[in-house]
Amino acid sequence: VNNTSSELNVQWKVIWLDSDGMEIDSLVSSWNSLALQPHEIRGLQGAAPRVDAADMRFYARKMP
């Protein structure tokens, strides 16, 4: 959600974990860029890279 009156540039990524909590190497675990327009709400979706993925961590950071 961009609650501001300016464009908001962010990056996000998902790290997938197996049932032991170990990170699963994946090409989808790289940073993705996203520009949110003022007051825009955007949903993100994705799929686990392997069937043994049991959990995930979502990271987001604001770009200057």
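## The loop between β2 and β3

H39 sits in the loop between β2 (32–36) and β3. This is a predicted model, so please read every value here as computed from predicted coordinates. H39 is not a glycine, yet its phi is positive, at about 65°.

With 59% relative accessibility, A47 counts as exposed. How far is the C-alpha atom of A47 from that of V14? The two C-alpha atoms are separated by 9.9 Å, while A47 and V14 are 33 residues apart along the chain.

## Overall layout

If you are getting your bearings in the viewer, start with the strands. The protein chain has three strands and zero helices, and along the sequence the pattern reads β-β-β.

Along the principal axes, the C-alpha atoms fill a box of roughly 45 × 20 × 15 Å. Of the 64 residues, 23% count as buried.

## Aromatic rings

How many aromatic pairs are there? The count comes to one. The pair is made by W12 and F58, whose ring centres are 6.2 Å apart and whose planes meet at 25°, so the pair is stacked; the cut-off for stacking is an angle under 30 degrees. W12 lies in strand β1 (residues 8–17) and F58 in strand β3, so this pair ties together parts that are 46 residues apart in sequence.

Are the two partners buried or exposed? W12 has 17% relative accessibility and counts as buried, because the limit for buried is under 20%. F58, at 44%, counts as partly exposed.

A further ring to look at is that of W31. The charged end of R61 sits over the ring of W31, at 3.7 Å from the ring centre.

Together with L44 and M56, F58 makes a nonpolar surface patch of about 270 Å². F58 is found in strand β3, which covers residues 55–62. Its relative accessibility of 44% is over the 30% that a patch residue needs, so F58 can belong to the patch.

## Salt bridges

How many salt bridges does the structure hold? There are two. In one of them, R42 pairs with E40, and the closest N and O atoms are 2.9 Å apart. R42 has a relative accessible area of 40%, so R42 is partly exposed.

The side chains of R50 and D52 also meet in a salt bridge, with 2.8 Å from N to O.

Technical notes. Residues are numbered from 1 along each chain as its sequence is written. This is a predicted model: local features need pLDDT of at least 70, side-chain atom pairs count only at pLDDT 80 or more; totals for chains, interfaces and linings use all residues. Side-chain values use heavy atoms; hydrogens and water are left out. Patches are made of residues with over 30% relative accessible area and no salt bridge: like charges are joined within 9 Å, nonpolar side chains (Val, Leu, Ile, Met, Phe, Trp, Tyr) within 5 Å. Accessible areas come from the Shrake-Rupley method with a 1.4 Å probe; for residues, only the protein chains shown count as cover. A salt bridge is a side-chain nitrogen of Lys or Arg within 4 Å of a carboxyl oxygen of Asp or Glu. Helices (H or I, at least four residues) and strands (E, at least two) are DSSP runs, numbered from the N terminus. Buried means under 20% relative accessible area, exposed over 50%, partly exposed in between (1.4 Å probe, protein chains only). Rings of Phe, Tyr and Trp (its six-membered ring) pair if their centres lie within 6.5 Å; planes under 30 degrees apart count as stacked, over 60 as edge-to-face and the rest as tilted. A charge sits over a ring if NZ of Lys or CZ of Arg is within 6 Å of the ring centre and within 35 degrees of the ring normal.
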